[in-house]
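Open the model in your viewer and keep the selection tool at hand. Each stop below says what to pick and what is there.

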Amino acid sequence: MNKFAAFILAASAAIAGSASAQTTYPTAAPYSPLTTDVKAKAPNSAYVQDARGVVARNPFGLCWRSGYWTPADAVPGCDLPLCVAPDTLVDGKCVAPPPKVIAQAPAPAAAPAPVVVPVPTSEKVSYSADAFFDFDKAVLKPAGKASLDDLSSKLQGINLEVIIAVGHTDAVGTDAYNQKLSIRRAESVKAYLQSKGIEANRIYTEGKGEKQPVADNKSTAGRAKNRRVEIEVVGTRNK
């Protein structure tokens, strides 16, 4: 994840530098202005952070999440509204305190309806690497292409922010070899999604090798579960 975080931060810094002349920034909930630093839990955050602990964000004010983000990790300014006192955050919304009742005072004017801003959601799918690739290969099999075709069709109803493809292997072989194999497989997934019309700058890849098993590598069934490709899609659904 360190290489991926460094890449995202570098890209974010370059984009932010080219947009420094802008005079307006998104300020509606759930985003805070780009001029405001947003921080999450440290050191184990579900967001990409720089050395200061500040969450990295794209030019539209969206915060970059790690591959292990869940709704429970949401923080104000990224995926929850950044409330201004005296409003408080209640069930994911900024709620104003009840008005004070003054004797013989005119009834307060009805508050305008709140502006609903779509909140980016994250969906993660895990595929068996054995269904995608032959043993010790990084060339997609027909079954793997069919699975990615199905995923691509589902993206038609999403305002896509980013796709993250992460390759994993079992513990058979050296760590160095498995690391390279996991990267090659993730890159194969990226190349195929590009061929389906998805922009290259929307797809990021990582290789975890054998470092993040989900089952025991001592059994055949466990090793099969560890050979996988995880694909996470971040975006907002069209109404």
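How far apart are the end C-alpha atoms of helix α4, and what span should its 21 residues have? Keep in mind that this is a predicted model.

**Stop one: helix α4**

Select residues 175-195, which make up helix α4. At 1.5 Å a residue, this helix should span 30 Å. Its end C-alpha atoms are 31 Å apart, so the span agrees with expectation.

Now colour the buried residues of α4. They are Asn178, Gln179, Leu181, Ser182, Arg185, Ala186, Ser188, Val189, Lys190, Tyr192 and Leu193. An α-helix has 3.6 residues a turn, so residues three or four places apart point the same way.

What covers the buried residues of α4? Show α2 (129-132), α3 (142-154), β4 (158-168), β5 and β6 (228-237), which are included in the cover. Then step past the end of the helix. Gly197 follows α4 and has a positive phi, near 100 degrees.

**Stop two: the nonpolar cores**

Go back to Val189, one of the buried residues of α4. Show its contacts, leaving aside neighbours within four places in sequence. Val189 then touches Phe132, Phe133, Leu148, Ala165, Val229 and Ile231.

Which residues have the most contacts inside the largest nonpolar core? Select Leu148, Ile163, Val189 and Ile231. The core they belong to has 20 residues. At least two residues of this core come from each of α2, α3, β4, α4 and β6. Strand β4 gives the largest share, 4 residues.

**Stop three: the rings**

Switch to aromatic side chains. The structure holds 3 aromatic pairs. Select Trp64 and Tyr204: stacked or edge-to-face? Their ring centres are 6.0 Å apart and their planes stand at 80 degrees, so the pair is edge-to-face. Trp64 sits in the loop between α1 and β1, and Tyr204 in strand β5 (residues 203-207), so the pair ties together parts that are 140 residues apart in sequence.

Are these two residues buried or exposed? Trp64 is buried, at 15% relative accessibility. Tyr204 is buried as well, with a relative accessible area of 13%.

Next, select Tyr127, Phe132 and Phe133. Ring pairs link these residues into a cluster. Then find Arg65 and Trp69. Arg65 lies over the face of Trp69, 3.6 Å from the ring centre.

**Stop four: the salt bridges**

Side chains of opposite charge can pair when their charged atoms come close. How many salt bridges does the structure hold? There are 11.

Start with Asp37 and Arg52. They form a salt bridge whose closest N and O atoms are 3.8 Å apart. Both residues lie in the loop between α1 (2-18) and β1 (88-90), and the bridge ties together parts that are 15 residues apart in sequence. Asp37 is partly exposed, with a relative accessible area of 47%. Arg52 is exposed, at 54%.

Asp50 counts as partly exposed, at 23% relative accessibility.

Move on to Arg202 and Glu199. This salt bridge is 3.7 Å, N to O. Arg202 is partly exposed, with a relative accessible area of 27%. Glu199 is also partly exposed, at 47%.

**Last stop: Pro213**

Select Pro213, in the loop between β5 and α5 (220-226). Pro213 is partly exposed, with a relative accessible area of 42%. Which residues does Pro213 contact, leaving aside neighbours within four places in sequence? Asn226 and Arg228 are in contact with Pro213.

How values were computed. Residues are numbered from 1 along each chain as its sequence is written. This is a predicted model: local features need pLDDT of at least 70, side-chain atom pairs count only at pLDDT 80 or more; totals for chains, interfaces and linings use all residues. Side-chain values use heavy atoms; hydrogens and water are left out. A salt bridge is a side-chain nitrogen of Lys or Arg within 4 Å of a carboxyl oxygen of Asp or Glu. Buried means under 20% relative accessible area, exposed over 50%, partly exposed in between (1.4 Å probe, protein chains only). Rings of Phe, Tyr and Trp (its six-membered ring) pair if their centres lie within 6.5 Å; planes under 30 degrees apart count as stacked, over 60 as edge-to-face and the rest as tilted. A charge sits over a ring if NZ of Lys or CZ of Arg is within 6 Å of the ring centre and within 35 degrees of the ring normal. The expected span of a helix is 1.5 Å times one less than its number of residues. Contact means heavy atoms within 4.5 Å. A nonpolar core is a set of buried Ala, Val, Leu, Ile, Met, Phe, Trp, Tyr and Cys residues joined through side-chain atoms within 4.5 Å.
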